[in-house]
Amino acid sequence: MLEEACVFATILCGFFGIILKKNLVMKIISMDVMSTGVIAYYVLIASRKGLFTPIVSDVNNGTYADPVPQAVILTGIVIGFSIQCLMLVGVMKLAQDNPTLESNEIENNNTP
Amino acid sequence: MNIITISWIGLPFFVGFVIFLLPQLDKYLAMFAALASAVYAFQLFALPAPVKLELLNHFGVTLAVDQLSAYFILTNALVTVAVILYCWHSGKTAFFYAQTIIVHGSLNAAFASTDFISLYVALEVSGIAAFLLIAYPRTDRSIWVALRYLFVSNTAMLFYLVGAVLVYKASYSFSFAGLGKAPPEAVALIFVGLLVKGGIFVSGLWLPLTHSESETPVSALLSGIVVKAGVYPLVKCALMVEHIDPIVRVFGVGTALLGVFYAVFEKDAKRMLAFHTVSQLGFILAAPEVGGFYALTHGLVKSALFLIAGALPSRNFKELQQNPMSTPIWIALVMASFSISGFPMLSGFGAKVLTMKNLLPWQVIGMNLAALGTAISFAKFIFLPHKQEGQGSIKPGFWSAVILLIGGLLVANVVYYEAYNINNIAKPLATIAIGWLAYLLIFKRTVIKLPRLLEQFDHLIGMMSLMLILLFWMVFDISIN
């Protein structure tokens, strides 16, 4: 219960950061915080049944964690990471003309 | 068929990476992959039963392609072939063709998936490749528009991921059918992601700026098929899960009305076409069983319209009234506009009749209003002046692409030729007549500038939280009653 609350608080902090922060790089970092929260939620769901790494070996434990959400969120981590890289490259290019990277300034300059 | 399906999904990605290795063969490889998709789609229509694949085992990826997805796959193939034809002699680098074919491949994967995580991967890959296509000109404006698109879509997909894991928590699998047993918050979260990706209702207000500020072939690709990747899972879920169907229909009507409301007052040609995309996607959602045929006709006609709009001398309707365009372009424009307004002889008519037949009673008034609004706004295109030697620059590949798309519209009539009887023809003709009258009397003179407040970046993100609350309330209401 407490862990779920913390995870949702992380997601909400990230979400509000995207809306409330003015700097474009801070917005991207807030999106990273939000995606960290989502990843943590997947790991939390995977740990419902047990905490042991689900690798079959000689030691017989039984309370293995659920491997499916963990596998799924690996894909999510990779996709989130590559999207952030692309966005930061875009921000680098925008920063040449708008060094302060304020999103409403960039928006006003570039919206017809 | 299983092996053919798997190779059909993998082929565009393989070709995309080979294009980077053999840049001198870029156009031919891209065309080959798109044509292979078209052949696969035609094969699918001939199959009696859907193809279901379970890759690996119980927890693996499941794919299912049936008649509904065959329409979307065919649209994907035809729009991609038309865009490649348009760009054939225009000097685009190998990078452009590689990204186009990767978008094509990821959309194929989206139309074949039946579980939420494969869909997530397909939607994100298509978002990344579309970002690279939108930012292709490398100007500041295009980079900002592309960045905004990627940001909004990724944030929405983060909500979608939370919803997907809640579905898993309830039913130990990620497949679409699990949505029925999922708690209301899961449905709300997943729908927020899909509504934003598909450009539906107020979550789709990122669409006008993105589609109008991209280059012509990229706009055609985005409006023609990329947004349908968000619409297809909504239609599929509406068909699989009973209590989702009314929600999807409500959003269909809401979107159709919102889109035409903005479109009738719009003074810029490409923005009007983009708002029309928002509205026409509502028609696909309003009648989920027959959404496939509507998606096919809309994809063909919208990409033709965007390609033609790129050949017009200007984007502003006032300037177009002063500078006549050349007559062949006007003929193509009129044919495309007739199809989307629902004029007989073109398959847009058949699609509209089929959709109207499958509406629930409470939807009829709203959808007819939306059809009227469509006729009004396309009157703006039809009543433009033209002369034999008009202005307007035409790319070399323009005519082959446009002839393919409009020819496809004529041929697609065979799908629903039962539409051609007196009762069915009378209503669309009356709608078009009233629409043209309304345009000439009222809308030609009105100059109302609707506020663009909701299209700002911060408002787009903030709107997601409002949509979440709205969706949660709708699903909760339905699950209680």
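H5(B) packs against helix H9 (residues 216–226) of chain B at an angle of about 155 degrees, and the axes sit 10 Å apart. Angles here run from 0 to 180 degrees between N-to-C directions, with axes being lines fitted to C-alpha atoms, for helices over the stretch in contact. This is a predicted model, where local features need pLDDT of at least 70 and side-chain atom pairs count only at pLDDT 80 or more, while totals for chains, interfaces and linings use all residues. Residues are numbered from 1 along each chain as its sequence is written, chains are lettered from A and ligands numbered from 1 in the order in which they are written, and side-chain values use heavy atoms, with hydrogens and water left out.

**H5(B) against H9(B)**

- The angle makes H5(B) roughly antiparallel to H9(B); the labels are roughly parallel under 35 degrees, roughly antiparallel over 145, roughly perpendicular from 65 to 115, and oblique for the rest.
- H5(B) and H9(B) have a left-handed crossing, meaning that the near helix is turned anticlockwise from the far one by less than a right angle (clockwise would be right-handed).
- On the H5(B) side, the contact uses Ala130(B), Leu133(B) and Ile134(B), and on the H9(B) side Val218(B), Leu221(B) and Leu222(B); contact means heavy atoms within 4.5 Å.
- By class, that H5(B)–H9(B) contact has 6 nonpolar, no polar and no charged residues.
- For the classes, Ala, Val, Leu, Ile, Met, Phe, Trp, Tyr, Cys and Pro count as nonpolar, Asp, Glu, Lys and Arg as charged, and the others, Gly among them, as polar.
- The helix names come from DSSP runs numbered from the N terminus (H or I, at least four residues, for helices; E, at least two, for strands).

**Other helix pairs in chain B**

- Helix H4 (residues 94–112) of chain B meets H5 (residues 116–134) of chain B at an angle of about 160 degrees, with axes 8 Å apart.
- That angle makes H4(B) roughly antiparallel to H5(B).
- H4(B) and H5(B) also cross in a left-handed way, and their contact has 14 nonpolar, 4 polar and no charged residues.
- Among the H4(B) residues in this contact are Phe95(B), Phe96(B) and Gln99(B), while the H5(B) side includes Leu119(B), Ala122(B) and Val125(B).
- Helix H3 (residues 67–86) of chain B and H9(B) cross at roughly 175 degrees, and their axes come within 10 Å.
- H3(B) and H9(B) are therefore roughly antiparallel to each other.
- Phe72(B), Thr75(B) and Asn76(B) are among the H3(B) residues that meet H9(B), whose contact residues include Thr216(B), Pro217(B) and Ala220(B).
- The contact of H3(B) with H9(B) splits into 8 nonpolar, 5 polar and no charged residues.

**Cavities**

- Searching the whole structure turns up 3 cavities of 30 Å³ or more.
- Voids are found on a 1 Å grid over the protein atoms alone: a cavity is a set of points where a 1.4 Å probe fits but cannot get out, a pocket is an open set with protein on both sides within 12 Å along at least five of seven lines, and lining residues have an atom within 4 Å of a point.
- Grid points are joined across faces, edges and corners, and a volume is the space filled by probe spheres set on the points.
- The largest cavity has a volume of about 100 Å³, and of its 15 lining residues, Ser35(A), Gly76(A), Gly80(A), Tyr120(B) and Leu158(B) lie nearest the centre.
- Helix H2 (24–46) and helix H3 (67–97) of chain A, plus H5 and helix H6 (140–171) of chain B, each give at least two residues to that lining, which has 8 nonpolar, 5 polar and 2 charged residues.
- The second largest cavity holds about 60 Å³, and H13(B) gives the most to its lining, with 4 residues.

**The largest pocket**

- The largest pocket has a volume of about 470 Å³.
- It is lined by 18 residues, with Phe8(A), Leu12(A), Phe159(B), Leu189(B) and Leu468(B) the closest to its centre.
- H1(A) provides the largest share of the pocket lining, 6 residues.
- The lining of the largest pocket has 14 nonpolar, 1 polar and 3 charged residues.
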